Amino acid sequence: MSKWTPNERANYMARVIREGRDISERDTFSQCLECNDVDKVLQILLEMSQRSPKLKKNLSKYVSEWALHEEE
């Protein structure tokens with residue numbers, strides 16, 4: 001996924017989060033968040049959550065609260 005842009009990684013994460021998929025057995029987001037631009041990916045995800053109630057509701061189940069507050 002390192003070839004994906006921050007927008008593409010945020011879009012992938014948003015889709016998984018909105019659908020409420022079980023990611024406990026896989027490191028679904030590890031490659032999305034291990035790049036040098038993790039801050040950008042989280043920023044985009046937060047912006048998307050302001051427009052999507054389902055994403056906003058599920059976001060804290062997938063991304064730790066401290067990571068989200070670091071971006072605000």
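User: What do the buried residues of α1 pack against?
Analyst: They pack against α2 (30-33), α3 and α4. This is a predicted model, where local features need pLDDT of at least 70, side-chain atom pairs count only at pLDDT 80 or more, and totals for chains, interfaces and linings use all residues. Residues are numbered from 1 along each chain as its sequence is written, and side-chain values use heavy atoms, with hydrogens and water left out.

User: Which residues in α1 are buried?
Analyst: P6, R9, A10, Y12, M13, A14, V16 and I17. Buried means under 20% relative accessible area, exposed means over 50%, and partly exposed is in between (1.4 Å probe, protein chains only).

User: And what counts as a helix here?
Analyst: Helices (H or I, at least four residues) and strands (E, at least two) are DSSP runs, numbered from the N terminus.

User: How many of each does the protein have?
Analyst: Five helices and zero strands. From the N terminus on, the order is α-α-α-α-α.

User: How far does α1 reach?
Analyst: α1 has 14 residues and spans 20 Å from its first C-alpha to its last. That is close to the 20 Å expected at 1.5 Å a residue. The expected span is 1.5 Å times one less than the number of residues in the helix. Just after α1, G20 takes a positive phi of about 70 degrees.

User: OK, helix packing. How are two packed helices described?
Analyst: By the angle between their axes and the distance between the axes. Axes are lines fitted to C-alpha atoms, for helices over the stretch in contact, and angles run from 0 to 180 degrees between N-to-C directions.

User: At what angle do α1 and α4 pack?
Analyst: About 95 degrees, with their axes 8 Å apart. That makes α1 roughly perpendicular to α4. Angles under 35 degrees count as roughly parallel, over 145 as roughly antiparallel, 65 to 115 as roughly perpendicular and the rest as oblique.

User: Which residues make that contact?
Analyst: From α1, A14, V16, I17 and R18. From α4, K54, L55, N58, L59 and Y62. Contact means heavy atoms within 4.5 Å. The residues of this contact divide into six nonpolar, one polar and two charged. Ala, Val, Leu, Ile, Met, Phe, Trp, Tyr, Cys and Pro count as nonpolar, Asp, Glu, Lys and Arg as charged, and the others, Gly among them, as polar.

User: Y62 is on that list. Is it buried or exposed?
Analyst: Y62 counts as buried because its relative accessibility is 17%. Not counting residues up to four places away in sequence, Y62 touches V16, I17, G20, R21, I23 and F29. Y62 and S24 are 38 residues apart in sequence and 9.9 Å apart in space, C-alpha to C-alpha.

User: Now α3 and α4. At what angle do they cross?
Analyst: The axes of α3 (residues 38-49) and α4 (residues 53-62) cross at roughly 135 degrees and come within 8 Å. That makes α3 oblique to α4. L45, L46, M48 and S49 in α3 meet L55, K56 and L59 in α4. By class, that contact has five nonpolar, one polar and one charged residues.

User: Which residues of α3 are buried?
Analyst: V41, L42, I44, L45, L46, M48 and S49. S49 counts as buried because its relative accessibility is 3%. Leaving aside neighbours within four places in sequence, S49 is in contact with L55, K56 and L59.

User: Last topic, confidence. What is the mean pLDDT?
Analyst: 82, and 83% of the residues reach 70 or more. pLDDT is the predictor's confidence in each residue, from 0 to 100.
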